Amino acid sequence: MKDHLESSIFGDHDEALDHGPVEPGHEPGHPLDHPDDHSDAAGDPGRAHPAPGTSRREMREQELAARRRGRRGRRSRGAASSSAGTAPRGKPSVLRRIVVIVIALAVIGGGVAVAYKALRPVVESFLESNDYPGPGTGEVRVTIDQGAGGGAIAKTLVDDDVVKSTKAFIEAANSDPKSSSIQPGVYVMKKQMKAADAVALLVDPKNRLITRVVVPEGLWASEIYDRLSKASGIPVAQYAEAAKNVGQLGLPPSAKGNVEGYLFPASYEFGPTSTAADQLKQMVAESVKRLDGLGIAPDQMERVVTVASLIEGEAQTQGDQAKVARVIENRLAKKMTLGLDSTVNYIFKKRGVPTQAMLDSKSPYNTRLVAGLPPGPISNPGESALAAAAKPVAGPWLYFVTVNLDTGETKFATTYEEHQRYVAQFQKWCADNKGKC
């Protein structure tokens, strides 16, 4: 009973129950030989083995004291660990939480802004059309250069804000088979056109702003100026003035600054910004090119052009040109006057049969009175006349006369008497065709 009360006071019910009733041979005053006691004593360094002769109550007091010391030691170690290590965590303050949230939002917002700035053009390039809806507004003159390909044309149109992108124009051009025939020149277009509409405009040559003029063979320079002026709107006086500036025309040295004979007859196209000098220079270059092609040396060009201009003025058909050239060379070889009406007409700038007063002119161009070639060309010959002058056909003829002005029939003679018979035929034709001679 006493043991039970002691055990109750010290709160050692469990231990007493664990030990159970005292087995025979174990009397009070002897050390317990229970396995748990050995285990606890061995496992707890703060629990000392009881000395021999220790009473049960003393043993329990010693054990309780040891346990108290163990709990105090554990609390001391915990406190030391807490002070030596990390302090116990507390709840973060409201201000600290707000600061963290603001910083996080700032970082995220900054990243979003950078990403938006970087990705916006890419996204817009996918979503936005690369073509204008058309039809466009205003007016712009676009120059397509000679030899420009599709990419170069597209860039020109983008630079002039005619189309929105090179991609749109190239795609539209690839869809139109006629796009490969776009010609160089100046076109009046609108700004911000639909690419397909721009292609449709360019493939139509009628939309080119150019000066087209056809110069026939045998015209005088003054007649050519008049034709050019009517086609381009440039005053005739500007052409006449440009012809005097021989240094910029590209004439051969043997021409001695005279443009007559070197304005090659052909079909020309001039740009809207070309000047009178530009156009004359282009025509002279064409003439020199044709002479080069015939193998005519520069120092011989003036003579060939002069003879060709006489052929152009006298031969009524291309088939007669080489024979007229032969008559000229044969008469020059015999030191005879050429006796050509065309040179007299050149003096007075009149067409047709010259009058007697004209035939009496003392001008060096009057081959009726002056032997040899005239001082220079009397017209602007074409390529067939140049070829005939460069290589006349062989023959003995010294005379020729056109006996029918309507058909151009021309008869050639080797003697003066034969020639006079043909002249009589011509006179009869004129009598039968009043007003044509």
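Residues are numbered from 1 along each chain as its sequence is written, and side-chain values use heavy atoms, with hydrogens and water left out. Because the model is predicted, local features need pLDDT of at least 70 and side-chain atom pairs count only at pLDDT 80 or more, while totals for chains, interfaces and linings use all residues.

We can begin with the largest pocket, which holds about 1200 Å³ of space. Here a pocket is an open set of points on a 1 Å grid over the protein atoms alone, where a 1.4 Å probe fits, with protein on both sides within 12 Å along at least five of seven lines; the volume is the space filled by probe spheres set on the points, which are joined across faces, edges and corners. Its lining comprises 42 residues, a lining residue being one with an atom within 4 Å of a point. Nearest the centre lie Glu314, Leu340, Asp341, Ser342 and Pro354. Helices H12, H13, H14 and H17 and strand S5 each contribute at least two lining residues, and H17 gives the most, with six. Helices (H or I, at least four residues) and strands (E, at least two) are DSSP runs numbered from the N terminus. By type, the lining divides into 19 nonpolar, 14 polar and nine charged residues, where Ala, Val, Leu, Ile, Met, Phe, Trp, Tyr, Cys and Pro count as nonpolar, Asp, Glu, Lys and Arg as charged, and the others, Gly among them, as polar.

Ser309 lies in helix H12 and is buried, at 0% relative accessible area (buried is under 20%, exposed over 50%, partly exposed in between, with a 1.4 Å probe and protein chains only). Its side chain reaches the backbone oxygen of Thr306 at 2.6 Å. Beyond its neighbours within four places in sequence, Ser309 is in contact (heavy atoms within 4.5 Å) with Pro377, Ile378, Ser379 and Pro381.

Arg368, in the loop between helices H15 and H16, is partly exposed at 35% relative accessibility. A polar atom of the Arg368 side chain lies 3.4 Å from the backbone oxygen of Gly339.

Helix H7 buries Ala168, Phe169, Ala172 and Ala173. Seen down the axis of H7, these residues fall within an arc of 130°, so they line one face of the helix; the arc is that of the directions from the helix axis to the C-beta atoms. Their cover includes helices H6 and H8.

Key: Polar contact = N/O pair within 3.5 Å; in protein donor to acceptor, adjacent residues only side chain to side chain.
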